[in-house]
Amino acid sequence: MALDMTSNYKSWSKAFSQPAQEFALTNLPILSGNIPVGLRGTLYRNGPGRLQRNQQRVGHWFDGDGAILAVNFTATGATGVYRYVQTQGYQEEEAANTFVFPNYGMTARGGFWNNWLKPVKNAANTSVLALPDRLLALWEGGLPYNVDLQTLATRGIDNLASLSKNQAFSAHPKVDRQTGEIFNFGVSVGSKTTLNLYSCSAEGKVKQQNCVELKGLPLIHDFVLAGEYLVFFIPPVRVKILPVLLGLKSFSEAMVWQPKLGTEILIFDRHNLDLVARLEGEAWYQWHFTNGFVDDNGLIIIELVRYSDFQTNQYLKEVATGKTNTAAKGTLWEIKIDLKTKQIVASTQLLDRGCEFPVVPQHLVGKSWDKTYLSIYQEGTDLSQELLNAIACYDRKTGRLSIADLGTNCYPSEPIYVPQPDNLNQGWLITVVYDDNDHRSEVRIYESDRLESEPVCRLGLPSVVPPSFHGTWKSGTF
Ligand SMILES: [Fe+2]
(Lines give C-alpha, C1' and ligand atoms only; values in the text may rest on other atoms or scores of the structure.)
Protein backbone atom coordinates (compact mmCIF):
# COMPACT_ATOMS: atom_id res chain seq x y z
CA MET A 1 0.00 0.00 0.00
CA ALA A 2 1.05 3.60 -0.35
CA LEU A 3 3.15 4.83 2.55
CA ASP A 4 1.42 7.07 5.07
CA MET A 5 3.99 9.85 5.06
CA THR A 6 2.46 11.61 8.07
CA SER A 7 4.03 9.27 10.61
CA ASN A 8 7.69 9.99 11.21
CA TYR A 9 9.28 8.76 8.01
CA LYS A 10 12.75 9.96 7.04
CA SER A 11 13.13 12.16 3.99
CA TRP A 12 14.54 9.42 1.74
CA SER A 13 11.38 7.32 2.02
CA LYS A 14 9.35 9.83 -0.01
CA ALA A 15 11.42 8.83 -3.05
CA PHE A 16 9.87 5.36 -2.71
CA SER A 17 6.39 6.42 -1.60
CA GLN A 18 4.88 5.96 -5.07
CA PRO A 19 5.98 3.97 -8.14
CA ALA A 20 8.48 5.98 -10.18
CA GLN A 21 6.96 7.68 -13.22
CA GLU A 22 8.52 7.03 -16.62
CA PHE A 23 9.27 9.97 -18.89
CA ALA A 24 9.82 10.17 -22.65
CA LEU A 25 12.86 11.81 -24.24
CA THR A 26 13.06 15.24 -22.63
CA ASN A 27 15.45 18.19 -22.85
CA LEU A 28 16.83 18.62 -19.34
CA PRO A 29 16.94 22.16 -17.93
CA ILE A 30 20.25 23.39 -16.51
CA LEU A 31 19.65 24.39 -12.88
CA SER A 32 23.17 25.74 -12.34
CA GLY A 33 26.59 25.84 -14.05
CA ASN A 34 27.33 24.50 -17.50
CA ILE A 35 27.73 21.07 -19.08
CA PRO A 36 31.50 20.50 -19.38
CA VAL A 37 32.67 20.79 -23.01
CA GLY A 38 34.35 17.37 -23.01
CA LEU A 39 31.42 15.51 -21.49
CA ARG A 40 29.90 13.69 -24.47
CA GLY A 41 28.11 10.40 -24.10
CA THR A 42 25.40 8.73 -22.03
CA LEU A 43 24.94 7.92 -18.37
CA TYR A 44 22.78 4.83 -17.77
CA ARG A 45 21.43 3.85 -14.37
CA ASN A 46 19.23 0.98 -13.23
CA GLY A 47 17.32 0.38 -10.01
CA PRO A 48 13.97 -0.67 -8.58
CA GLY A 49 11.37 1.86 -9.69
CA ARG A 50 8.23 0.16 -8.43
CA LEU A 51 8.00 -1.09 -4.85
CA GLN A 52 4.23 -1.45 -4.74
CA ARG A 53 1.37 -2.60 -6.88
CA ASN A 54 -2.34 -2.31 -6.11
CA GLN A 55 -1.92 -1.67 -2.35
CA GLN A 56 0.70 -4.40 -1.91
CA ARG A 57 4.31 -3.57 -1.05
CA VAL A 58 7.24 -5.73 -2.15
CA GLY A 59 9.08 -7.75 0.48
CA HIS A 60 12.56 -6.36 -0.13
CA TRP A 61 14.20 -3.44 -1.97
CA PHE A 62 15.66 -5.99 -4.42
CA ASP A 63 12.14 -6.99 -5.52
CA GLY A 64 11.29 -3.73 -7.29
CA ASP A 65 10.87 -3.73 -11.07
CA GLY A 66 13.89 -2.32 -12.90
CA ALA A 67 13.61 1.20 -14.30
CA ILE A 68 16.46 2.61 -16.39
CA LEU A 69 17.46 6.27 -16.66
CA ALA A 70 19.52 7.43 -19.65
CA VAL A 71 21.01 10.94 -19.71
CA ASN A 72 22.67 11.87 -23.00
CA PHE A 73 25.12 14.78 -23.24
CA THR A 74 25.76 16.43 -26.61
CA ALA A 75 27.09 19.80 -27.84
CA THR A 76 23.55 21.20 -27.74
CA GLY A 77 22.60 20.10 -24.22
CA ALA A 78 21.37 17.12 -22.25
CA THR A 79 18.34 14.91 -22.73
CA GLY A 80 16.86 12.28 -20.44
CA VAL A 81 14.58 9.26 -20.82
CA TYR A 82 13.32 6.94 -18.09
CA ARG A 83 11.68 3.58 -18.78
CA TYR A 84 10.71 0.44 -16.94
CA VAL A 85 12.27 -2.69 -18.37
CA GLN A 86 9.35 -4.53 -19.98
CA THR A 87 10.17 -7.92 -18.53
CA GLN A 88 7.73 -10.77 -18.93
CA GLY A 89 6.98 -10.60 -15.22
CA TYR A 90 6.40 -6.84 -15.29
CA GLN A 91 3.96 -7.17 -18.18
CA GLU A 92 2.03 -10.02 -16.57
CA GLU A 93 1.77 -8.20 -13.26
CA GLU A 94 0.81 -4.97 -15.01
CA ALA A 95 -2.03 -6.81 -16.78
CA ALA A 96 -3.14 -8.58 -13.58
CA ASN A 97 -2.67 -5.42 -11.47
CA THR A 98 -1.21 -7.52 -8.69
CA PHE A 99 2.07 -9.23 -7.85
CA VAL A 100 2.00 -12.68 -9.43
CA PHE A 101 5.53 -14.03 -9.01
CA PRO A 102 7.71 -14.93 -6.06
CA ASN A 103 10.83 -12.79 -5.83
CA TYR A 104 14.10 -12.39 -3.92
CA GLY A 105 12.31 -11.21 -0.80
CA MET A 106 8.67 -12.21 -1.26
CA THR A 107 6.43 -15.12 -2.07
CA ALA A 108 3.45 -14.69 -4.35
CA ARG A 109 -0.01 -14.30 -2.87
CA GLY A 110 -1.96 -17.50 -2.48
CA GLY A 111 0.52 -19.54 -0.45
CA PHE A 112 1.82 -22.95 -1.43
CA TRP A 113 -0.30 -23.56 -4.54
CA ASN A 114 0.61 -20.21 -6.07
CA ASN A 115 4.32 -20.52 -5.35
CA TRP A 116 5.29 -24.17 -5.68
CA LEU A 117 7.98 -24.45 -8.37
CA LYS A 118 6.95 -21.07 -9.77
CA PRO A 119 9.91 -19.16 -11.24
CA VAL A 120 11.18 -16.08 -9.46
CA LYS A 121 10.50 -12.90 -11.42
CA ASN A 122 13.47 -11.57 -13.36
CA ALA A 123 13.28 -7.97 -12.13
CA ALA A 124 16.11 -6.73 -14.43
CA ASN A 125 16.75 -4.08 -11.79
CA THR A 126 20.38 -4.22 -10.69
CA SER A 127 22.76 -2.80 -13.26
CA VAL A 128 23.40 -2.18 -16.95
CA LEU A 129 26.10 -3.22 -19.39
CA ALA A 130 26.54 -0.96 -22.42
CA LEU A 131 27.56 -2.90 -25.56
CA PRO A 132 28.17 -1.43 -29.04
CA ASP A 133 24.65 -2.25 -30.27
CA ARG A 134 22.56 -2.71 -27.14
CA LEU A 135 22.18 -2.13 -23.43
CA LEU A 136 21.78 -5.13 -21.13
CA ALA A 137 19.55 -4.74 -18.07
CA LEU A 138 21.18 -7.06 -15.55
CA TRP A 139 19.83 -9.16 -12.68
CA GLU A 140 21.83 -11.83 -10.91
CA GLY A 141 19.29 -14.64 -10.97
CA GLY A 142 18.86 -14.95 -14.74
CA LEU A 143 19.68 -13.75 -18.23
CA PRO A 144 19.70 -10.02 -18.99
CA TYR A 145 17.12 -8.09 -20.99
CA ASN A 146 18.16 -6.43 -24.24
CA VAL A 147 17.29 -2.73 -24.26
CA ASP A 148 17.68 -0.10 -27.01
CA LEU A 149 20.58 2.25 -26.21
CA GLN A 150 18.69 5.34 -27.33
CA THR A 151 14.99 4.76 -26.63
CA LEU A 152 15.34 2.21 -23.78
CA ALA A 153 12.68 0.11 -25.54
CA THR A 154 12.88 -3.51 -24.32
CA ARG A 155 13.63 -6.10 -27.03
CA GLY A 156 13.49 -9.27 -24.92
CA ILE A 157 15.80 -11.71 -23.16
CA ASP A 158 19.41 -11.74 -24.37
CA ASN A 159 21.46 -14.96 -24.15
CA LEU A 160 24.79 -13.42 -25.24
CA ALA A 161 24.83 -15.70 -28.27
CA SER A 162 25.09 -19.01 -26.45
CA LEU A 163 23.82 -19.18 -22.87
CA SER A 164 20.94 -21.51 -22.05
CA LYS A 165 17.72 -20.16 -20.59
CA ASN A 166 18.54 -21.62 -17.20
CA GLN A 167 21.87 -19.86 -16.91
CA ALA A 168 22.35 -16.57 -15.11
CA PHE A 169 24.50 -13.62 -16.21
CA SER A 170 25.12 -11.69 -13.04
CA ALA A 171 24.90 -7.94 -12.46
CA HIS A 172 28.60 -7.14 -11.94
CA PRO A 173 30.46 -7.93 -15.16
CA LYS A 174 34.05 -6.72 -15.37
CA VAL A 175 35.26 -5.09 -18.58
CA ASP A 176 38.94 -4.85 -19.48
CA ARG A 177 39.05 -1.61 -21.48
CA GLN A 178 42.40 -2.48 -23.05
CA THR A 179 41.42 -5.88 -24.48
CA GLY A 180 37.66 -5.39 -24.69
CA GLU A 181 37.09 -8.68 -22.85
CA ILE A 182 34.06 -8.92 -20.59
CA PHE A 183 34.10 -11.36 -17.66
CA ASN A 184 31.08 -12.41 -15.65
CA PHE A 185 29.51 -15.28 -13.73
CA GLY A 186 26.18 -16.82 -12.81
CA VAL A 187 25.16 -19.32 -10.16
CA SER A 188 23.06 -22.30 -11.30
CA VAL A 189 20.84 -24.22 -8.91
CA GLY A 190 19.94 -27.82 -9.64
CA SER A 191 20.91 -31.22 -8.27
CA LYS A 192 24.17 -29.42 -7.49
CA THR A 193 25.04 -25.73 -7.31
CA THR A 194 27.60 -24.47 -9.79
CA LEU A 195 29.46 -21.22 -10.29
CA ASN A 196 29.51 -20.61 -14.04
CA LEU A 197 32.24 -18.36 -15.43
CA TYR A 198 32.07 -16.51 -18.73
CA SER A 199 34.54 -14.71 -20.91
CA CYS A 200 32.86 -12.59 -23.59
CA SER A 201 33.92 -10.51 -26.58
CA ALA A 202 33.52 -6.75 -26.59
CA GLU A 203 30.36 -7.28 -28.69
CA GLY A 204 28.77 -9.31 -25.90
CA LYS A 205 29.19 -12.87 -27.19
CA VAL A 206 30.19 -15.58 -24.75
CA LYS A 207 33.45 -17.08 -26.07
CA GLN A 208 34.51 -19.32 -23.21
CA GLN A 209 32.86 -20.94 -20.18
CA ASN A 210 33.85 -22.97 -17.16
CA CYS A 211 32.04 -24.08 -14.03
CA VAL A 212 32.92 -25.32 -10.56
CA GLU A 213 30.70 -26.96 -7.98
CA LEU A 214 29.89 -24.94 -4.87
CA LYS A 215 29.20 -26.11 -1.33
CA GLY A 216 25.55 -25.45 -0.63
CA LEU A 217 23.81 -22.45 -2.18
CA PRO A 218 25.71 -19.28 -1.23
CA LEU A 219 24.89 -15.68 -2.11
CA ILE A 220 27.48 -14.31 -4.56
CA HIS A 221 26.78 -10.78 -5.74
CA ASP A 222 30.08 -9.48 -7.12
CA PHE A 223 33.64 -10.58 -7.95
CA VAL A 224 37.00 -9.06 -8.82
CA LEU A 225 39.18 -8.79 -11.90
CA ALA A 226 42.72 -8.51 -10.50
CA GLY A 227 45.40 -8.54 -13.18
CA GLU A 228 45.44 -12.07 -14.61
CA TYR A 229 42.92 -13.40 -12.10
CA LEU A 230 39.20 -13.56 -11.39
CA VAL A 231 38.64 -13.68 -7.64
CA PHE A 232 35.48 -14.69 -5.76
CA PHE A 233 34.92 -14.21 -2.03
CA ILE A 234 32.08 -16.56 -1.08
CA PRO A 235 30.51 -15.34 2.14
CA PRO A 236 29.11 -17.70 4.80
CA VAL A 237 25.49 -17.19 3.78
CA ARG A 238 23.61 -20.28 2.64
CA VAL A 239 20.09 -20.59 1.24
CA LYS A 240 18.05 -23.42 2.74
CA ILE A 241 16.44 -24.21 -0.57
CA LEU A 242 13.63 -26.66 0.31
CA PRO A 243 11.21 -24.07 1.79
CA VAL A 244 11.92 -21.88 -1.26
CA LEU A 245 11.09 -24.69 -3.69
CA LEU A 246 7.94 -25.42 -1.71
CA GLY A 247 6.94 -21.77 -1.93
CA LEU A 248 6.92 -21.36 1.83
CA LYS A 249 9.77 -18.85 2.05
CA SER A 250 11.46 -16.34 -0.23
CA PHE A 251 15.17 -16.67 -0.99
CA SER A 252 15.94 -13.81 1.38
CA GLU A 253 13.91 -15.39 4.20
CA ALA A 254 15.68 -18.72 3.63
CA MET A 255 19.20 -17.30 3.91
CA VAL A 256 21.16 -18.29 7.00
CA TRP A 257 24.30 -16.56 8.30
CA GLN A 258 26.77 -19.35 9.18
CA PRO A 259 29.99 -17.64 10.31
CA LYS A 260 31.63 -20.94 11.19
CA LEU A 261 31.96 -21.59 7.46
CA GLY A 262 34.25 -18.58 7.04
CA THR A 263 34.79 -16.91 3.67
CA GLU A 264 35.81 -19.22 0.85
CA ILE A 265 38.06 -17.65 -1.77
CA LEU A 266 38.20 -18.98 -5.32
CA ILE A 267 40.83 -17.71 -7.75
CA PHE A 268 40.65 -18.38 -11.50
CA ASP A 269 43.01 -17.73 -14.39
CA ARG A 270 41.28 -15.16 -16.61
CA HIS A 271 42.70 -16.65 -19.82
CA ASN A 272 41.38 -20.22 -19.55
CA LEU A 273 38.94 -19.78 -16.61
CA ASP A 274 40.68 -22.62 -14.75
CA LEU A 275 40.51 -22.70 -10.96
CA VAL A 276 44.04 -22.04 -9.66
CA ALA A 277 43.48 -21.70 -5.91
CA ARG A 278 40.83 -22.35 -3.26
CA LEU A 279 41.52 -20.90 0.21
CA GLU A 280 39.70 -19.76 3.33
CA GLY A 281 39.40 -16.57 5.32
CA GLU A 282 37.51 -15.43 8.39
CA ALA A 283 33.77 -14.75 8.21
CA TRP A 284 32.54 -11.48 6.77
CA TYR A 285 29.97 -10.34 4.23
CA GLN A 286 30.37 -8.09 1.20
CA TRP A 287 28.09 -6.95 -1.58
CA HIS A 288 30.69 -5.02 -3.56
CA PHE A 289 34.34 -4.88 -4.43
CA THR A 290 36.08 -1.69 -5.48
CA ASN A 291 38.74 -3.31 -7.63
CA GLY A 292 41.81 -5.55 -7.57
CA PHE A 293 45.30 -5.86 -9.03
CA VAL A 294 48.53 -7.81 -8.67
CA ASP A 295 51.32 -5.78 -7.05
CA ASP A 296 55.08 -5.82 -7.76
CA ASN A 297 55.56 -8.62 -5.20
CA GLY A 298 52.98 -10.82 -6.87
CA LEU A 299 50.36 -10.29 -4.17
CA ILE A 300 46.72 -10.01 -5.18
CA ILE A 301 45.36 -6.76 -3.70
CA ILE A 302 41.61 -6.41 -3.30
CA GLU A 303 39.52 -3.55 -1.91
CA LEU A 304 35.92 -4.05 -0.81
CA VAL A 305 33.15 -2.80 1.45
CA ARG A 306 33.05 -5.32 4.25
CA TYR A 307 30.33 -6.03 6.86
CA SER A 308 30.85 -8.02 10.04
CA ASP A 309 27.65 -10.02 9.44
CA PHE A 310 24.56 -10.28 7.20
CA GLN A 311 22.38 -7.67 8.93
CA THR A 312 22.77 -5.56 5.80
CA ASN A 313 20.16 -7.79 4.15
CA GLN A 314 17.66 -6.97 6.89
CA TYR A 315 18.39 -3.24 6.50
CA LEU A 316 17.83 -3.44 2.73
CA LYS A 317 14.59 -5.32 3.32
CA GLU A 318 13.42 -2.52 5.62
CA VAL A 319 14.21 0.11 2.98
CA ALA A 320 11.25 -1.25 1.00
CA THR A 321 8.93 -0.41 3.91
CA GLY A 322 10.08 3.22 3.93
CA LYS A 323 11.40 2.97 7.49
CA THR A 324 14.57 1.24 8.67
CA ASN A 325 15.63 0.21 12.17
CA THR A 326 18.65 -1.99 11.56
CA ALA A 327 22.13 -0.48 11.46
CA ALA A 328 24.46 -2.26 9.04
CA LYS A 329 27.83 -0.58 8.73
CA GLY A 330 29.99 -1.59 5.79
CA THR A 331 33.50 -0.12 5.80
CA LEU A 332 36.35 0.00 3.32
CA TRP A 333 38.89 -2.84 3.64
CA GLU A 334 41.92 -4.11 1.78
CA ILE A 335 42.79 -7.81 1.55
CA LYS A 336 46.18 -9.09 0.36
CA ILE A 337 46.50 -12.67 -0.91
CA ASP A 338 49.71 -14.59 -1.50
CA LEU A 339 48.95 -17.06 -4.27
CA LYS A 340 52.15 -19.06 -3.63
CA THR A 341 51.20 -19.92 -0.05
CA LYS A 342 47.46 -19.72 -0.76
CA GLN A 343 46.93 -17.48 2.24
CA ILE A 344 45.52 -14.08 3.14
CA VAL A 345 48.60 -12.22 4.34
CA ALA A 346 46.90 -8.97 5.38
CA SER A 347 43.38 -7.69 6.14
CA THR A 348 43.23 -3.98 6.84
CA GLN A 349 40.37 -1.61 7.47
CA LEU A 350 41.17 1.48 5.40
CA LEU A 351 38.33 3.70 6.52
CA ASP A 352 36.07 3.43 9.56
CA ARG A 353 33.08 5.05 7.92
CA GLY A 354 29.80 3.58 6.65
CA CYS A 355 29.95 3.44 2.86
CA GLU A 356 28.87 1.50 -0.23
CA PHE A 357 29.04 1.43 -4.05
CA PRO A 358 32.83 1.82 -4.41
CA VAL A 359 33.97 2.41 -8.01
CA VAL A 360 37.11 3.18 -10.00
CA PRO A 361 37.54 4.67 -13.47
CA GLN A 362 36.61 2.02 -16.05
CA HIS A 363 40.08 2.00 -17.66
CA LEU A 364 41.62 0.97 -14.30
CA VAL A 365 39.45 -2.10 -13.65
CA GLY A 366 41.86 -4.96 -12.82
CA LYS A 367 44.79 -2.57 -12.47
CA SER A 368 46.43 -0.54 -9.72
CA TRP A 369 44.49 2.61 -8.85
CA ASP A 370 44.87 5.59 -6.54
CA LYS A 371 41.38 6.92 -5.92
CA THR A 372 38.23 5.11 -4.89
CA TYR A 373 34.91 6.92 -5.45
CA LEU A 374 31.99 5.84 -3.31
CA SER A 375 28.75 6.69 -1.57
CA ILE A 376 29.09 7.45 2.11
CA TYR A 377 27.23 8.51 5.24
CA GLN A 378 27.84 12.05 6.46
CA GLU A 379 29.38 12.21 9.93
CA GLY A 380 26.76 11.97 12.68
CA THR A 381 24.26 10.09 10.52
CA ASP A 382 22.16 7.43 12.26
CA LEU A 383 22.88 4.41 10.04
CA SER A 384 19.86 2.53 11.36
CA GLN A 385 17.49 5.23 10.09
CA GLU A 386 19.11 6.76 7.06
CA LEU A 387 20.16 6.09 3.49
CA LEU A 388 23.63 6.95 2.12
CA ASN A 389 23.71 10.74 1.97
CA ALA A 390 26.98 11.88 0.37
CA ILE A 391 29.53 10.91 -2.26
CA ALA A 392 33.26 10.91 -1.63
CA CYS A 393 36.73 10.18 -2.94
CA TYR A 394 39.15 8.07 -0.88
CA ASP A 395 42.82 8.62 -1.78
CA ARG A 396 44.58 5.27 -1.28
CA LYS A 397 48.01 6.90 -1.13
CA THR A 398 47.31 9.60 1.45
CA GLY A 399 44.26 8.15 3.20
CA ARG A 400 42.48 11.46 2.65
CA LEU A 401 38.71 11.48 2.27
CA SER A 402 37.11 14.27 0.17
CA ILE A 403 33.36 14.56 0.58
CA ALA A 404 30.78 16.34 -1.56
CA ASP A 405 28.21 17.88 0.76
CA LEU A 406 24.96 17.38 -1.14
CA GLY A 407 22.86 19.37 1.33
CA THR A 408 20.32 18.19 3.88
CA ASN A 409 17.67 15.69 2.84
CA CYS A 410 19.52 14.91 -0.40
CA TYR A 411 20.40 11.35 -1.39
CA PRO A 412 22.85 10.36 -4.14
CA SER A 413 23.12 7.36 -6.37
CA GLU A 414 26.41 5.51 -6.84
CA PRO A 415 28.90 8.00 -8.36
CA ILE A 416 30.06 7.24 -11.90
CA TYR A 417 33.49 8.43 -13.06
CA VAL A 418 33.66 9.87 -16.57
CA PRO A 419 37.14 10.58 -17.96
CA GLN A 420 38.03 13.64 -19.98
CA PRO A 421 38.50 12.66 -23.64
CA ASP A 422 42.15 13.75 -23.73
CA ASN A 423 43.21 12.67 -20.24
CA LEU A 424 41.72 9.55 -18.66
CA ASN A 425 43.08 10.49 -15.25
CA GLN A 426 41.10 13.73 -15.10
CA GLY A 427 37.37 13.58 -15.14
CA TRP A 428 33.98 14.12 -13.62
CA LEU A 429 31.79 12.30 -11.14
CA ILE A 430 28.12 12.09 -12.05
CA THR A 431 25.42 11.21 -9.55
CA VAL A 432 21.63 11.34 -9.56
CA VAL A 433 20.36 13.04 -6.43
CA TYR A 434 16.92 12.77 -4.86
CA ASP A 435 16.21 16.12 -3.12
CA ASP A 436 13.40 15.79 -0.61
CA ASN A 437 13.30 19.55 0.03
CA ASP A 438 11.37 19.90 -3.24
CA HIS A 439 10.53 16.21 -3.81
CA ARG A 440 12.43 16.05 -7.10
CA SER A 441 15.53 14.52 -8.64
CA GLU A 442 18.48 16.03 -10.47
CA VAL A 443 21.74 15.06 -12.14
CA ARG A 444 24.86 16.56 -10.56
CA ILE A 445 28.28 16.71 -12.20
CA TYR A 446 31.39 17.28 -10.06
CA GLU A 447 35.01 17.65 -11.03
CA SER A 448 36.40 14.40 -9.62
CA ASP A 449 39.31 16.10 -7.84
CA ARG A 450 37.19 18.96 -6.46
CA LEU A 451 34.33 17.26 -4.67
CA GLU A 452 34.37 19.84 -1.90
CA SER A 453 33.47 22.56 -4.44
CA GLU A 454 30.04 23.17 -5.90
CA PRO A 455 28.99 20.86 -8.76
CA VAL A 456 30.02 22.21 -12.16
CA CYS A 457 26.52 21.51 -13.44
CA ARG A 458 23.08 20.52 -12.14
CA LEU A 459 20.33 19.29 -14.45
CA GLY A 460 16.67 18.90 -13.51
CA LEU A 461 14.80 15.63 -14.14
CA PRO A 462 11.08 15.66 -15.03
CA SER A 463 10.06 13.24 -12.27
CA VAL A 464 11.45 11.62 -9.13
CA VAL A 465 14.07 8.97 -9.88
CA PRO A 466 14.48 7.03 -6.62
CA PRO A 467 17.93 6.02 -5.35
CA SER A 468 19.11 3.23 -7.62
CA PHE A 469 21.75 0.51 -7.60
CA HIS A 470 24.27 0.66 -10.45
CA GLY A 471 25.07 2.43 -13.67
CA THR A 472 27.63 2.96 -16.37
CA TRP A 473 28.94 5.53 -18.84
CA LYS A 474 29.13 5.09 -22.61
CA SER A 475 31.09 7.72 -24.48
CA GLY A 476 30.28 9.11 -27.89
CA THR A 477 27.03 9.31 -29.83
CA PHE A 478 24.46 6.56 -30.40
FE1 LIG B 1 25.51 -4.59 -6.70
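Visitor: How many bridges pair strand β3 with strand β6, and in which sense?
Guide: First the terms. Strands are DSSP runs of E, at least two residues, numbered from the N terminus. Two strands pair if DSSP finds at least two bridges between them. Here β3 (residues 41–50) and β6 (residues 65–74) pair over 9 bridges, in the antiparallel sense. L43 has V71 in β6 as its bridge partner. One caution on the source: this is a predicted model, where local features need pLDDT of at least 70, side-chain atom pairs count only at pLDDT 80 or more, and totals for chains, interfaces and linings use all residues. Residues are numbered from 1 along each chain as its sequence is written, and side-chain values use heavy atoms, with hydrogens and water left out.

Visitor: What is the strand order of the open sheet of 5 strands?
Guide: The order is β1-β7-β6-β3-β35, with antiparallel pairing. β1 (23–27) and β35 are the edge strands, each pairing on one side only. The twist averages 15 degrees from one strand to the next. Axes for such angles are lines fitted to C-alpha atoms, and angles run from 0 to 180 degrees between N-to-C directions.

Visitor: What does β7 pair with, and is it mostly covered or uncovered?
Guide: β6 and β7 share 8 bridges, antiparallel. They form a hairpin with 2 residues between them. V71 has G80 in β7 as its bridge partner. For cover, buried means under 20% relative accessible area, exposed over 50%, partly exposed in between (1.4 Å probe, protein chains only). Strand β7 (residues 77–84) is mostly covered, with 6 of its 8 residues buried.

Visitor: Which residues are the protein donors of the iron ion?
Guide: Donors are N, O and S atoms within 2.8 Å of the metal (3.2 Å for Na, K and Ca); water is not among the atoms, so sites may look incomplete. The iron ion has H172, H221, H288 and H470, each through NE2, at 2.1 to 2.2 Å. Their spacing in sequence is H-x48-H-x66-H-x181-H. The pair H172 and H470 links distant parts of the chain, 298 residues apart. H172 sits in the loop between β11 (154–157) and β12 (174–175), and H470 in strand β35 (residues 470–475). H172 is buried at 9% relative accessible area, and H470 is buried at 5%.

Visitor: What is the geometry of the iron ion's site?
Guide: Four donors count as tetrahedral if all angles lie between 85 and 135 degrees; four count as square planar and six as octahedral if opposite donors are over 155 degrees apart and all others between 65 and 115; anything else is irregular. The angles among the 4 donor atoms here are 90 to 169 degrees, and the site is irregular.

Visitor: Where is E442, and which side chain does it meet in a polar contact?
Guide: A polar contact is a pair of N or O atoms within 3.5 Å; within protein, one must be able to donate a hydrogen and the other to accept it, and residues adjacent in sequence count only if both atoms are side-chain atoms. E442 lies in strand β33 (residues 440–447). E442 is buried, at 0% relative accessibility. Its side chain makes a polar contact of 2.8 Å with that of R458.

Notes: Helix = DSSP H or I, 4+ residues; strand = E, 2+ residues; numbered from the N terminus.
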